[in-house]
Each structure stands twice: as structure tokens, then as C-alpha cells.
Amino acid sequence: MPSLPAPDYPAEVRERLAADAKEVIDRYPDSRSALLPLLHLVQAEEGHVTRTGMRFCAETLGLTIAEVTAVATFYTMYRREPGGEYQVGVCTNTLCAVMGGDAIFEGLRRHLGVDNGGTTPDGKVTLEHVECNAACDFAPVVMVNWEFFDNQTVESAKALVDGLRAGRAAEPTRGAPLCTFRETSRILAGFPDPRPGSVEAGGGAGPASLAGLRLAKGEHAGGPARVGPPRGAPPSTTKQQHPGEHPGSHDAPQKTSASDPDHPAGPVTEEGEG
């Protein structure tokens with residue numbers, strides 16, 4: 001059976017959201033481009049994207065409910081159900097998993113007594129496993145409301161969620177100070193972050209992120225080192241190639257269609273010629 005139309009926001013809420021929505025929409029040449037930030041806006045209002053919030057977005061942008069729902073259900077940063085004040089995501093993608101992410105998630109699941117996507121009875125913490133957060137060099141990583149907590153262990157992660165539930169301040173490893181999920185959603189909608197020092201808070205690449213760059217430059221703690229011949233150096237003629245061994249590009253560059261007339265790629269005549 002088709003569901004009844006979603007209820008509207010109370011008049012004062014709708015008026016406030018309409019003013020915020022206009023500010024967002026005015027940033028875009030095409031109003032429908034504002035759908036993603038508007039979904040964050042309505043998520044900031046109720047803590048998740050409700051049917052009422054999707055109705056507001058559709059009516060404001062001149063879209064159908066189906067178009068809004070398609071976007072809201074595609075992106076995992078939009079909650080479809082009520083959640084906690086702090087969303088604790090444990091990366092369980094390949095590197096974080098083998099470095100301890102799976103153990104951390106299982107430890108938190110048992111410690112909090114909730115399954116994936118579950119929220120603690122006090123409404124403080126929602127636990128979920130998440131995919132890669134582009135922080136593999138700090139694995140295993142836990143994110144709280146999309147702020148990084150790097151190099152975690154089962155015990156440090158338990159202490160983190162216990163502190164959040166007790167109301168103690170938690171300091172991310174890098175980036176802006178922690179705030180609530182609703183506050184994060186409003187910031188993601190494109191509104192200024194009012195917290196002192198949050199914009200200036202840094203989160204630059206750490207030593208682990210730069211290790212490969214240092215090696216490529218020939219830098220090494222024990223002295224000069226290089227992982228391959230310098231750029232532009234002629235191929236080595238001293239390395240002995242064993243039978244069946246395929247030479248690397250540094251040792252014996254292979255011909256390409258551009259350098260091997262006997263094996264060209266594509267047509268050998270101009271278009272229209274016989």
C-alpha cells in the first residue's frame with residue numbers, strides 16, 4: 001500500500017529551514033545541485049533524514065520525492081533512522097581490518113551491547129563499520145562524526161566510547177575539535193563552524209604519509225637511498241636476466257605502438273583513404 005504523504009514541519013521550523021535553504025540554493029546556478037547540502041541541513045534538524053525532511057527538499061527544489069529518496073538512500077552519510085549523538089565508525093576495509101579494525105569493531109560491539117548500526121540505550125553512541133576513510137597510513141582508524149582517531153586499539157577504542165558516553169571531551173588525532181552529529185551535519189550543509197579555532201585546526205600529513213615520498217626523493221634515515229634508478233637514467237646493462245624473467249621497464253623498456261612501426265596500433269591510413 002502506498003504510504004501517506006509525509007507530515008510537514010511546524011510553521012516556525014519550516015520558516016527557519018526555508019531561510020537556510022535559500023542561502024544554500026543561492027550558491028548554485030542550478031537549484032537541484034543544492035540537494036546534497038539540503039539533505040545535510042534537514043539531517044541537522046532531526047538527527048536523520050526523515051520523510052518530512054525529504055518532502056521539504058523536494059518541495060524546495062521542485063523535485064519529486066522519488067528523486068530525493070534516490071539520493072538520500074545512495075549516500076551512506078545520510079542516516080535513515082534515528083541515531084546517537086556520536087556516530088562511531090570503525091574502518092573494516094582491508095588494511096585497517098588486518099591491522100586490527102575487525103577486532104576493534106567486535107570489541108566495541110560486545111562492549112556497547114549493540115550490533116552494526118545500533119545505538120546505545122542512552123542515545124549517545126551509534127556503532128557502525130565503515131569502508132575506507134583514506135587514512136590507511138594510520139590504520140586502524142576509528143572516526144567519530146567523521147573526525148579521525150588514528151592508530152587505535154581495542155582498549156583505546158573502548159576508552160573513547162566510554163568517555164563519549166560519560167560526557168568527557170574527546171580530542172581527535174588531527175583536524176577540527178569534535179562536535180555532535182547534528183552540528184557536523186549543519187557544517188557539511190555549508191554553514192560556518194562557530195567553534196573557536198575549528199577552522200584553523202590542522203590535520204596535515206604525518207610521517208607515515210610522507211614515507212614513500214621521502215624514499216622516492218632518495219632520503220633515508222641511514223643515508224641516501226633510492227628505490228629505483230633516477231628519472232631519465234639509461235637502462236642498466238649490467239643486470240643479468242634469467243631465463244623466463246620478464247625485464248622491468250627500468251631494465252629494458254619495451255617497444256610501444258608509437259615506437260615500433262612493425263606493430264602499429266589503430267588504422268595505418270588516414271580516414272577516408274582506401
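This is a predicted model: local features need pLDDT of at least 70, side-chain atom pairs count only at pLDDT 80 or more; totals for chains, interfaces and linings use all residues.
**View 1. Helix 1 and helix 3 cross in a right-handed way.** Residues are numbered from 1 along each chain as its sequence is written, and side-chain values use heavy atoms, with hydrogens and water left out. Helix 3 spans residues 51–61 and packs against helix 1 at about 55 degrees, with the axes 11 Å apart. Helices here are DSSP runs (H or I, at least four residues), strands are runs of E (at least two), and both are numbered from the N terminus. Axes are lines fitted to C-alpha atoms, for helices over the stretch in contact, and angles run from 0 to 180 degrees between N-to-C directions. The two helices are therefore oblique to each other. Angles under 35 degrees count as roughly parallel, over 145 as roughly antiparallel, 65 to 115 as roughly perpendicular, and the rest as oblique. Arg14, Leu17, Ala18, Ala21 and Ile25 of helix 1 meet Phe56, Glu59, Thr60 and Leu61 of helix 3. Contact means heavy atoms within 4.5 Å. By class, this contact has six nonpolar, one polar and two charged residues. Ala, Val, Leu, Ile, Met, Phe, Trp, Tyr, Cys and Pro count as nonpolar, Asp, Glu, Lys and Arg as charged, and the others, Gly among them, as polar.

**View 2. Helix 1 meets helix 2.** The axes of helix 1 (residues 11–25) and helix 2 (residues 35–46) come within 10 Å and cross at roughly 150 degrees. That makes helix 1 roughly antiparallel to helix 2. The crossing is right-handed. From helix 1, Val13, Arg16, Leu17, Asp20, Ala21, Val24 and Ile25 touch Pro37, Leu38, Leu41 and Glu45 of helix 2. Eight nonpolar and three charged residues make up this contact, with no polar ones.

**View 3. Helix 2 packs with helix 4.** Helix 4 covers residues 65–72; its axis lies 11 Å from that of helix 2, at an angle of about 80 degrees. The pair is therefore roughly perpendicular. Leu35, Leu36 and Leu39 of helix 2 meet Glu67, Val68, Val71 and Ala72 of helix 4. Here the contact has six nonpolar, no polar and one charged residues.

**View 4. The largest pocket has a volume of about 350 Å³.** On a 1 Å grid over the protein atoms alone, a pocket is an open set of points with protein on both sides within 12 Å along at least five of seven lines; a cavity is a set where a 1.4 Å probe fits but cannot get out; lining residues have an atom within 4 Å of a point. Grid points are joined across faces, edges and corners, and a volume is the space filled by probe spheres set on the points. Of the 17 lining residues, Thr76, Gln87, Glu128, His129 and Val130 lie nearest the pocket's centre. Strand 2 (residues 125–130) gives the most, with four residues. The lining divides into four nonpolar, eight polar and five charged residues.

**View 5. The largest cavity holds about 30 Å³ of space.** Its lining is Cys91, Cys96, Cys132, Asn133, Ala134, Ala135, Cys136 and Val141. Seven of these are nonpolar, one is polar and none is charged.

**View 6. Two loops with backbone details.** The peptide bond from Ala139 to Pro140 is cis, with omega near -5 degrees. Pro140 sits in the loop between strand 2 and strand 3 (142–144). Asn145 has phi near 50 degrees, a positive value in a residue other than glycine. Asn145 belongs to the loop between strand 3 and strand 4 (147–149).

Conventions. A crossing is left-handed if the near helix is turned anticlockwise from the far one by less than a right angle, and right-handed if clockwise.
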